[in-house]
Amino acid sequence: MRTSQGPEFIKGHGTQNDFVILPDPDGALELTDERVRALCDRRRGLGADGVLRVVRAGALPDAPADVPADVWFMDYRNADGSIAEMCGNGVRVFARYLADAGLVTAGELPVGTRAGVRPVRIREDGQVTVDMGAAKIFGESTTSASGRTFSGVAVDVGNPHLACVSDAELEDLDLETRPPHDPDLFPNGANVEFVRPLDGDHVQMRVYERGVGETRSCGTGTVAAAVAALRAAGADTGRRVVHVPGGIVEVEVTPTTATLTGPAVLVARGHLDPDWWQNA
Ligand SMILES: N[C@@H](CCC[C@H](N)C(=O)O)C(=O)O
């Protein structure tokens with residue numbers, strides 16, 4: 001029987017936007033793009049939309065200078081191995097892991113990201129709220145899907161989004177292929193959201209994520225969707241309940257910031273096979 005173990009992992013999700021969490025406090029893991037792709041592959045690996053490495057900011061050479069060294073840093077990777085600045089569902093699942101592992105005391109805690117430090121609160125009802133900072137509209141643009149053109153707004157939520165509000169039946173859209181975006185407005189790519197207003201302050205959203213493909217939820221995307229839906233209704237601030245294929249989250253936009261609240265679930269934990277990790 002084998003006695004050696006590969007790296008520890010935890011599998012988790014937020015409204016079915018799923019992640020492999022890799023605890024690596026001292027930044028000792030060699031997390032190559034190929035290993036990220038292998039981990040996220042739903043047939044040859046564990047399967048996930050992204051990887052969240054749990055590392056002290058001080059142990060990560062490329063952590064932003066404004067993140068204190070002792071803060072837990074979410075080193076986020078998309079399923080294709082690319083790095084993204086921020087992940088709204090990921091940061092909530094990350095905080096759930098930190099509390100579950102006893103690395104922080106539950107309540108409000110700071111999480112370091114490439115978009116800066118984000119305060120996260122684990123609520124008594126089990127929901128997790130993250131203060132996402134101000135979501136900024138930086139332009140207007142178009143995309144297309146299923147032969148239809150959609151107009152939208154470009155929103156910076158730490159990472160780039162094109163959020164398109166329309167009355168289209170979202171179930172009918174083919175998101176197997178990447179909806180195009182303007183490379184001049186989005187030189188680093190874009191996450192593209194399709195948003196349909198429902199009754200009251202509810203909206204429906206589907207998303208095609210940069211570096212992943214269609215996912216069942218995207219936290220930063222729901223913030224962009226809320227900002228776009230509010231703007232379409234003539235407002236800068238307010239609340240939107242966003243229905244995604246993987247569940248429901250709530251976004252509150254104020255004059256200075258946006259908060260995102262939703263579930264964060266840990267599913268399984270274990271150790272990678274050391275040979276698999278070595279050869280991945
Ligand atoms: N699913 C995430 C966003 C992950 C990053 C995104 N794909 C990008 O490249 O910007 C979320 O919950 O926000």
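Here are my notes, in the order I looked things up.

**Starting point.** I reminded myself that this is a predicted model.

**Around the ligand.** I listed the residues around the ligand and got 17, and those that come nearest are A84, N89, N159, G219 and T220. Of the elements, α2 gives the most, with three residues.

I then sorted the shell residues by type. Eleven are polar, four are nonpolar and two are charged.

**Domains.** I turned to the domain assignment of the chain, which gives domain 1 as 8–131 + 264–279 and domain 2 as 136–256. I noted that domain 1 is written in two segments, 8–131 and 264–279. Taken over C-alpha atoms, the centres of domain 1 and domain 2 are 24 Å apart.

**Where the domains touch.** I looked at the contact and found that domain 1 puts in 19 residues and domain 2 puts in 18 residues. On the side of domain 1 that touches domain 2, the largest share comes from α2, with three residues. That side of domain 1 holds ten polar, five nonpolar and four charged residues.

**Putting it together.** Why does the ligand lie between the two domains? Both domain 1 and domain 2 give residues to the shell around the ligand, so I place the ligand between them. I also marked α2 for a second look, my friends: α2 gives the most to the ligand shell, and α2 also gives the largest share of the side of domain 1 that touches domain 2.

Definitions and conventions
Residues numbered from 1 in each chain as written. Predicted model: local features only at pLDDT ≥ 70, side-chain atom pairs only at ≥ 80, totals over all residues. Near = placed C-beta within 6 Å. Helix = DSSP H or I, 4+ residues; strand = E, 2+ residues; numbered from the N terminus. Nonpolar A, V, L, I, M, F, W, Y, C, P; charged D, E, K, R; others polar. Domains from an automatic or database assignment. Contact = placed C-beta atoms within 7 Å.
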